[in-house]
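Subject: Structure handover

Hello,

Please find the structure below. Some notes on what was found in it follow.

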Amino acid sequence: MAEHSSEPVVFDKPKVELHVHLDGAIRVKTILEVAKRRGIMLPANTVEEMKKIIILHKPATLTDFLAKFNIYMHVIAGDREAIKRIAFEFVEDKAKEGVIYVEVRYSPHLLANTKVQPIPWGQKEGDVSPEDVVHLVNQGLSEGERAFNIKARSILCCMRHMPKPSAVCICHSHLLKNMLQYPCWITHLSLLDWSMDVMELCKKYHHQGVVAIDLAGDESLNCVANPEHRKAYEEAVRCGIHRTVHAGEVGPASVVKEAVEVLKAERIGHGYRTLDDQALYKKLLDQKMHFEVCPISSSLTGACPLDFTKHPVITFRKDKANYSLNTDDPLIFNSTLHLDYSTAHKSMGFTVEEFKRLNICSAESCFLPEKEKKDLLCTLHKAYGMIQTTAF
């Protein structure tokens, strides 16, 4: 991010980033300016003071990390100008990091304030629906593309906790039996079904910037127990929508297995715990499954050891696995892509040649249409001085 202290640039060639959250990559200055315009009180009124509150300064739990969003998300959510602005500024920040292609993900429902239940972040009912959010983000990304000569696409996130398992149980055991008698329940049910909403938005905007569906959130919430997630992913397969899933970050290897076998994931967000099941790991290596690795993030959320010399990505590297390096939530980790690369170089033994290889892998595994993917690969091969792909 442009606001953060500079890190040494150990790989100054074009890069591809596949796992970064829009709402975790907002400029602190923007949060303050939007809060002032909207008359929203914050716990601090300077960039440095807000950083001290928002940034995760030492390793914590994933729960502690997620709590950071409560500090500022209500400032951006439900505000059309702010939503478009953070998308535009995100592209600018990535361009400054040397990224030429990025897939940024977010939950449309968590930035909306109408046609969603419950309305997030304690907002009052407004006029920004999840579809409005997608349209606004697309506008911001498109304008950023034109301004900064970078290609940006988006991934829409389902949330594991929505609908809540109890809500699903009630809906399927009681509400569905009585919809004709109480038609208002149909509307209520659709508001709860975030995952199917996301799937419909993926379909509608499939050729307008949205390239895939994702499932994020608490991995302890098993998707098998939530038919809405399975239904959304089954529809994604049927419609040819690309699929990635957060799995194996802090959850066990079984969550990765479920993502691949039940949800038919084409990429795995994080995936570190896959190594706990060597049979599964070997199978995914053979399939060339792509792991979206986030080194700095994983050390601060407790997903991986703070000692980077013991990070699972070292095993991925040694095994010539298909993976990428990503920032995840650079605002909260006070990081940049340069920091992830320099950490991999200094503490994990990564070389320039491995950086080239993993970026080729990233391009091979991105969710662009084949023609655009081929063009991206050609650009990287030329920039890296490579005549043909050496991805695998």
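A polar contact here is a pair of N or O atoms within 3.5 Å; within protein, one must be able to donate a hydrogen and the other to accept it, and residues adjacent in sequence count only if both atoms are side-chain atoms. The model is predicted: local features need pLDDT of at least 70, side-chain atom pairs count only at pLDDT 80 or more, and totals for chains, interfaces and linings use all residues. Residues are numbered from 1 along each chain as its sequence is written, and side-chain values use heavy atoms, with hydrogens and water left out.

Thr327

The side chains of Thr327 and Glu17 are joined by a polar contact of 2.5 Å. Another polar contact, of 3.5 Å, links the side chain of Thr327 to that of Lys94. Thr327 sits in the loop between strand E8 (322-325) and helix H15 (330-333); helices (H or I, at least four residues) and strands (E, at least two) are DSSP runs, numbered from the N terminus. With a relative accessible area of 0%, Thr327 is buried (under 20%, with a 1.4 Å probe and protein chains only). Leaving out residues up to four places away in sequence, Thr327 touches Glu17 and Lys94 and also, among others, His19, Val20, Ser297 and Asp340 (contact means heavy atoms within 4.5 Å).

Helices H9 and H10

The axes of H9 (residues 194-204) and H10 (residues 227-239) come within 8 Å and cross at roughly 15 degrees. Axes are lines fitted to C-alpha atoms, for helices over the stretch in contact, and angles run from 0 to 180 degrees between N-to-C directions. H9 and H10 are therefore roughly parallel (angles under 35 degrees).

Regards

Terms used: Angles under 35 degrees count as roughly parallel, over 145 as roughly antiparallel, 65 to 115 as roughly perpendicular and the rest as oblique. Buried means under 20% relative accessible area, exposed over 50%, partly exposed in between (1.4 Å probe, protein chains only).
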